[in-house]
Structures are given as C-alpha cells and as structure tokens.
Amino acid sequence: MKIFLDTANLEAIRKFNDMGLLDGITTNPSLMSKEGGDPKKVMEEITKIIKGDVSLEVVSTQYSGMIEEGKRLRQYGENVIVKVPMTPDGLKACKYLSSQGIPVNVTLVFSPNQALLAAKSGAKYVSPFIGRLDDVGQDGMSLIQDIKKIFDNYNFGTQILVASIRHPMHVVEAAKIGAHVVTLPPAVLDKMLQHPLTDIGLENFLSDWKKLKAGI
Ligand code: G3P
C-alpha cells in the first residue's frame with residue numbers, strides 16, 4: 001500500500017520523506033490556505049522534495065478553467081497529478097487531461113457510483129473521503145469495500161486513494177481491504193509510529209545495558 005501525506009506543510013513533508021515513508025503528497029485548497037504564504041512557492045518546493053505523485057487541486061469549477069489550471073499545475077513537475085472535484089465539469093476535465101497524458105485525481109467522492117464514473121472518465125486516482133462520511137453517521141470504510149469490489153470486478157486501473165483519514169485504525173482497515181493508497185494527516189502518521197511497549201522495551205534495554213558499564 002502506498003502512503004501519501006495529506007498536507008502542504010513543508011516541515012512535515014521533509015520529516016517523513018527523510019524517514020523514507022512517503023510515496024507521494026496530496027494537497028487541497030484548504031490545506032494550502034492553512035500554511036499561508038505564496039502557494040506557488042509551496043507547490044514548487046513540494047514537487048522538488050517529493051519524487052512520487054503530488055496532487056495539486058484546481059480551484060476553477062468550469063471545464064475550461066480546470067483545463068487551463070490543470071496544465072499550469074502540471075508545469076510544477078512531471079509527478080504532478082491534477083486534482084479535480086467530482087462534478088460533471090470535473091469528469092469532463094478528467095477525461096480530457098487524461099487523454100493528454102496528464103494524470104488526474106478525482107476528489108470529494110462519497111459514493112460507489114461517483115467512484116465508478118470517475119474510473120470511467122480515466123482517473124488515475126479516486127479519492128473517497130471516509131472521515132467526512134463517518135462524521136455524518138455513515139460508514140466510510142464500507143465505501144472503500146464497495147469501490148474495491150467494483151474496480152476488481154471490471155479490472156479498472158484507477159487506484160483507490162483513501163482520504164479524510166482520522167486515525168490509525170482507518171489505515172489498518174483500508175490495508176485489509178486492499179486499497180491502493182492512504183493519504184494521511186501528519187498526526188496520524190506520527191501515531192502509527194508509536195506503541196507504548198516499544199518505549200518501555202527500549203527504556204529497559206538501555207537501563208540493562210548501563211549495568212554492564214561497557215561501550216559498543
Ligand atoms: O485531502 C482531502 C482529505 O483528506 C481531507 O480530509 O480531514 O479535511 O476531511 P479532511
């Protein structure tokens with residue numbers, strides 16, 4: 001399973017990239033806005049740091065604007081994936097950009113049918129938002145199960161990029177289903193690294209070693 005970081009925070013991107021954990025990055029207008037500064041510089045920097053796929057999102061809602069923005073975003077690097085919303089214009093833009101060799105991530109997906117249509121439009125990635133479904137009392141993870149089944153039934157090449165992840169168990173469940181990618185807020189990736197028994201075990205190893213009063 002590929003791990004993407006869902007952030008525009010350069011410090012977090014560098015931190016986890018240096019650990020060899022990142023296969024890519026996803027951003028969205030809210031994440032860019034949270035970091036502030038000049039978004040162009042941030043996008044430039046992210047695409048410099050990360051060799052894998054970097055999703056950068058259009059803000060136009062019209063087909064022609066999406067195409068124009070998509071082409072501009074792609075100039076940040078060959079690894080840029082243009083993110084478009086799951087709307088009629090978004091799917092039309094997805095079809096066109098994909099036909100031009102520009103890969104697309106269709107975002108704001110909340111139903112199996114939306115995922116099916118995004119795959120039919122040639123999307124490289126489809127982004128179902130599971131946390132936001134959980135937030136409104138629906139089962140986000142069952143959406144991932146449904147999409148996986150549908151894509152497998154018809155051998156769609158579109159990858160399931162599980163988004164809006166809230167906690168480490170979301171990752172475990174997505175991996176058990178066989179989703180291709182999870183995109184994680186830095187705080188969730190931090191939590192995945194930790195276990196109290198690791199800390200206690202290390203503390204014990206070190207205090208036992210000290211009793212030897214020796215070096216390595
Ligand atoms: O990048 C899209 C998605 O991961 C957003 O998550 O936490 O805003 O629902 P969230």
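User: How do α8 and α9 lie to each other, roughly parallel or roughly perpendicular?

Analyst: This is a predicted model. In it, the axes of helix α8 (residues 140–153) and helix α9 (residues 168–177) cross at roughly 20°. Angles under 35 degrees count as roughly parallel, so α8 and α9 are roughly parallel to each other. Their axes come within 10 Å.

User: And which hand does the crossing of α8 and α9 have?

Analyst: The crossing of α8 past α9 is right-handed.

User: What about α4 and α5, at what angle do they pack?

Analyst: Helix α4 (residues 63–74) packs against helix α5 (residues 88–99) at about 45°, and their axes are 9 Å apart. That angle is why α4 counts as oblique to α5. α4 passes α5 in a right-handed crossing.

User: Switching topic. Which residues are around the ligand?

Analyst: They are D6, N28, K83, F129, R132, A163, S164 and R166. By class, that shell has four charged, two polar and two nonpolar residues.

User: How far is the polar side-chain atom of D6 from an oxygen atom of the ligand?

Analyst: For D6 the distance is 2.5 Å. S164 also has a polar side-chain atom by a ligand oxygen, at 2.7 Å, and for N28 the corresponding distance is 3.2 Å.

User: How much of the ligand's accessible area does the protein cover?

Analyst: The protein covers 82% of it, where the ligand on its own has 310 Å² of accessible area.

Terms used. Residues are numbered from 1 along each chain as its sequence is written. This is a predicted model: local features need pLDDT of at least 70, side-chain atom pairs count only at pLDDT 80 or more; totals for chains, interfaces and linings use all residues. Side-chain values use heavy atoms; hydrogens and water are left out. A residue is near a molecule or strand if one of its heavy atoms lies within 4 Å of it. A polar contact is a pair of N or O atoms within 3.5 Å; within protein, one must be able to donate a hydrogen and the other to accept it, and residues adjacent in sequence count only if both atoms are side-chain atoms. Accessible areas come from the Shrake-Rupley method with a 1.4 Å probe; for residues, only the protein chains shown count as cover. Ala, Val, Leu, Ile, Met, Phe, Trp, Tyr, Cys and Pro count as nonpolar, Asp, Glu, Lys and Arg as charged, and the others, Gly among them, as polar. Axes are lines fitted to C-alpha atoms, for helices over the stretch in contact, and angles run from 0 to 180 degrees between N-to-C directions. Helices (H or I, at least four residues) and strands (E, at least two) are DSSP runs, numbered from the N terminus. Angles under 35 degrees count as roughly parallel, over 145 as roughly antiparallel, 65 to 115 as roughly perpendicular and the rest as oblique. A crossing is left-handed if the near helix is turned anticlockwise from the far one by less than a right angle, and right-handed if clockwise.
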